[in-house]
Structure formats: C-alpha cells, structure tokens
Amino acid sequence: MTNKMQNEEGRMQNTDSIHPSSFITHPSLLKATFAIVQKDLAAEFRSFELVSAMLVFSLLVIIIFNFALELDVKVRQSVTAGVLWTTFAFAGTLGLNRSMATEKDRGCMDGLLLAPVDRSAIYFGKAISNLAFMLIVEAIVLPVYSVLYNVNLFRLDLIGIILLGSIGYVAVGTLLSAMSVQTRTREVLLPILLFPVAIPVLLAAVKASNGLLTGAEFAEVLIPLNILIVYDVVFIAVAFMVFDFVVEE
Amino acid sequence: MQSKPIALKILDVVSIIVLAISTYLALFFAPTELVMGQVQRVFYFHIGTAWVGMLGFIIAAVSGVAYLITKDMRWDRFEVAAVEVSTVFFFLTIVLGSIWARPAWNTWWTWDPRLTTAAVTELIYIAYFMLRQGIDDPEKRARFGAVYTLLGGVSAPITFMVIRLFRTIHPVIVGAANANQEKMSMNGDMKIAFFFALFAFTVIFVDLIWHRIRLGSLEDKVEQLKLKVSM
C-alpha cells in the first residue's frame, strides 16, 4: 500500500517535474516571438516615445532637404527616392538605438535572456517590432511628403519596395544595435556599423523606387528588386544564425 | 622573451627582395603602354595591393566564422591581423588608383562600382576597429569582431553587384561583364610584371600577417603578466 502510494507520489512528482520542463523545452518560436512583439508594441502605444521621436525627426529631415536641395518641380522628380530613403535610414537608426537601449538600461535584456525561449525568438521579436515602428513612421511620412511636394507616392508597387527595403534594413539593424548597445560608445557606434553594411539595401531600394517614380520600364526595376529580395533573405538568415553569439554572456 | 623564428626572418628578407624585383619589373622591364603611357606602370602595384586587400577581407570573414565555431583566440588574432594589413593595402590601392585615374579619366575619383566598393570596404574595416575599441572584455571583443567581419564579408559582394547596375568606366582585367566594356590587353612582358607583382604582394602580405599575429600573441602575454603583477 505504502509502496503503491510512494509509487503514485513518485509518478505525480515525475509528471509534475516533466510537465513544466516539457513546456519549457518546447515553446513555440512563433509564440515567443509574438509575445516579445506584443510587449514592445504595448509599451510603445502607452508612451509613443519612439515613434513620435522618429516621426518628428523624419519631418525635420525632409524640411532640411527642402532647403538644402531646393526641391523645385524639376529636381523633385529625380531626388524624391533618395530623400525618402535617407530620411527612413536616419529615422531608422534612431528607432533601432532606442529600442535596444531601453532593453539594456532597465535590465530587460537579462530578463529576456533568462526566459526559457530560443534566443532567435528575441531577435525576431525585436526585429518585427522595429519593423513595425519604421513602417508606422513611413506610413505617416509618405502622405505628408505627397501633400507637401504634390507627388503621388501612394502606389502599391512603391509600398512593396519600401516594405522590402525596410525589412532588409531592420534585419541587419536589429543585430548590430544589439552589438552596439553593449559597447562603450553605444548610440554613436550604430550608424557607423550599420551604414557600410546596409549600403546595398539602401542603394537597391533607391534605385528601384527611383525607377518606379520616373516611370522606367519594369525590367529596369526588376534587377534592384531582385537584389532587395536576395539581401533580405541572406541577411535575415545570417542574423538569425549569429544572434546567439551577440547576446551570450 | 621568445626570439623571432628563423623562418620569419627568412621571409622578411624574401619579401624585401621580391618587392625590389617587382619594382624593377614594373618600372623598367615592362614596356610602356601605348595609350596611357608611363602612368600605366602604377597598375602593377595597384593590382597587387588590391589583390591582397581582398584576400585579407576574405580571410578575415573565414577566420571570423572559424572563431565563432571553435572559440579559439588564435583565430581572433588571425582575423585582426588580416583586417589590419588589408586596411593598409586597400588604402594603398585607392591612392594608387587615384594617381592613375587623374591622367587616364581626368578625375581623382568617380563613383564607379570598384571604387565605391573599395571605399565602402575600407569603411567597414574602420567600423570594425571602432567596434573593437569600444569593448573591454577580450572574449566579447573577439565575438563581436567575428560577427562583424562576417556581415561585412557578405555585404561587400552585394554592394559590388548593386553598383554594377550603374555604368562603369573601370577597365576590366579579368572577366568582362559584357562585351562593350573596355578590356585592357597585356603583352608577354607586361604579364610577367603583372603576375610577379601579384606574387610579390602575396609574399609581403603573408610576412606582415605573420608579424601581426606574433605581435598579437605577445600583447596577450604582456596583458597576462600585468594582471599577475597587479594581483
């Protein structure tokens, strides 16, 4: 009887100890990623710290470009794509820096690392929320630019290019911001690390957007478009593989 | 202190000799180019330095991956050596190219694929040093450095492909992209000078890397000794 009870107890303990651990060792990557995205978005929608800073900064950059380049009708045609992407890139670094710095400053990063989830969930979670912030800013900057300069930027193909470009930029940016935030120079270092590596994605995005805006043939847009897709796939894969090395202690 | 290995001493001497021979071949032996004239002679060293600059970049990316897999600090020292030596050689390539471009293209600089990729690569190297400088923990420094060389190594070829979409005026030595691109032709003596320059700079590159690795391990030793003294 006692034996049986002990057995029973043992089994119960066993199942008790197996149950949470099996839950821990098999968490869905998708679920964990989604949880991090949710956390970031919830925090952001409460304060609007990041998006508002990125947005005001973007508008200021556009105003400065207006005077620096004398954006009259003729010039506008050829430089719109360049101005837009420069703005997105600068605003993007601002967001990337801030979003990683908050994790580091308040010790959230350690908490995330202690969480029993795959490390790549942290990467994908941060990357997706960074992408969301960038897209929100772009979604506001595009109509503002359209109104200010009387160019129609609401084209599905252009939005597709912007999405692809932003994905590539954020994919490398998230990885590098996780690195730069752990160095002595922190915020200063991110653009220095990011821009030389992100040049292909920015150039291809500018080239493709420019082709669309100037009404070039589709074949001409196709090559930079292909490069954008290649860059996105390659860098998401590389960042996914090396992110573990960046956050391990 | 361990003294300089005898093989390295020999390599030092060999480097100096091949550099002297290569200089002779480039400046006196090779015939004067018909169209460009004497300034074309800069091309032999330009290609030599560009070749080792690129070689170092690839070596750095490969040893970065090797470090991440093995976590052996020797790979890190190898990587730093390759990046450091390549930075200097790549800078030389750009300077020599500019000297050639001024009479040939009538400009010091143009945003051609090769030139732009070279400049971007040089910036990646500089960013790499700034990244390393900002980290105190040697293990973390090695890890981040390895990750960054890997990213740079993947991104540089894509940069080249993207900028190639724009028109290029850089003469193509090996493998023209399309038929209407300018292709430089070399005669026999020019080829000798050309390939010897490649060989000479490879030898010099190996010699310098060897020195840098040796310096790196001596640095580590000094650091350890300092720690021992302070304890």
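A residue is called buried if 20 or more other C-beta atoms, placed from the backbone, lie within 10 Å of its own, exposed if 12 or fewer do, and partly exposed in between.

The legends below describe a predicted model, in which local features need pLDDT of at least 70 and side-chain atom pairs count only at pLDDT 80 or more, while totals for chains, interfaces and linings use all residues. Residues are numbered from 1 along each chain as its sequence is written, and chains are lettered from A, with ligands numbered from 1, in the order in which they are written.

**View 1. Chain B and its helices.** Chain B has six helices and zero strands, where helices (H or I, at least four residues) and strands (E, at least two) are DSSP runs numbered from the N terminus. Of the 231 residues in chain B, buried residues make up 37%.

**View 2. Confidence along chain A.** The pLDDT, which is the predictor's confidence in each residue on a scale from 0 to 100, has a mean of 85 in chain A, where 89% of the residues reach 70 or more. Confidence in chain A is lowest in helix H1 (residues 2–25), at a mean of 48, and highest in H7(A), at 94. Over residues 4–23 of chain A the pLDDT is below 50, and this stretch has zero contacts in the model beyond near neighbours in sequence, two residues being in contact if their C-beta atoms, placed from the backbone, lie within 7 Å.

**View 3. Where chain A meets chain B.** In this view, 24 residues of chain A are in contact with 24 residues of chain B. The elements of chain A that give two or more residues to its side are helix H7 (156–180), helix H8 (189–213) and helix H9 (218–247), and H8(A) gives the most, with ten residues.

**View 4. Two helices of chain A crossing.** The axes of helix H4 (residues 73–105) of chain A and H8(A) come within 9 Å and cross at roughly 145°, with axes being lines fitted to C-alpha atoms, for helices over the stretch in contact, and angles running from 0 to 180 degrees between N-to-C directions. Among the residues that make the contact are A:Trp85 of H4(A) and A:Leu202 of H8(A).

**View 5. The surroundings of A:Leu193.** Leaving aside residues up to four places away in sequence, A:Leu193 touches A:Leu176, A:Met179 and A:Ser180, and also B:Ala127, B:Leu131 and B:Tyr148.
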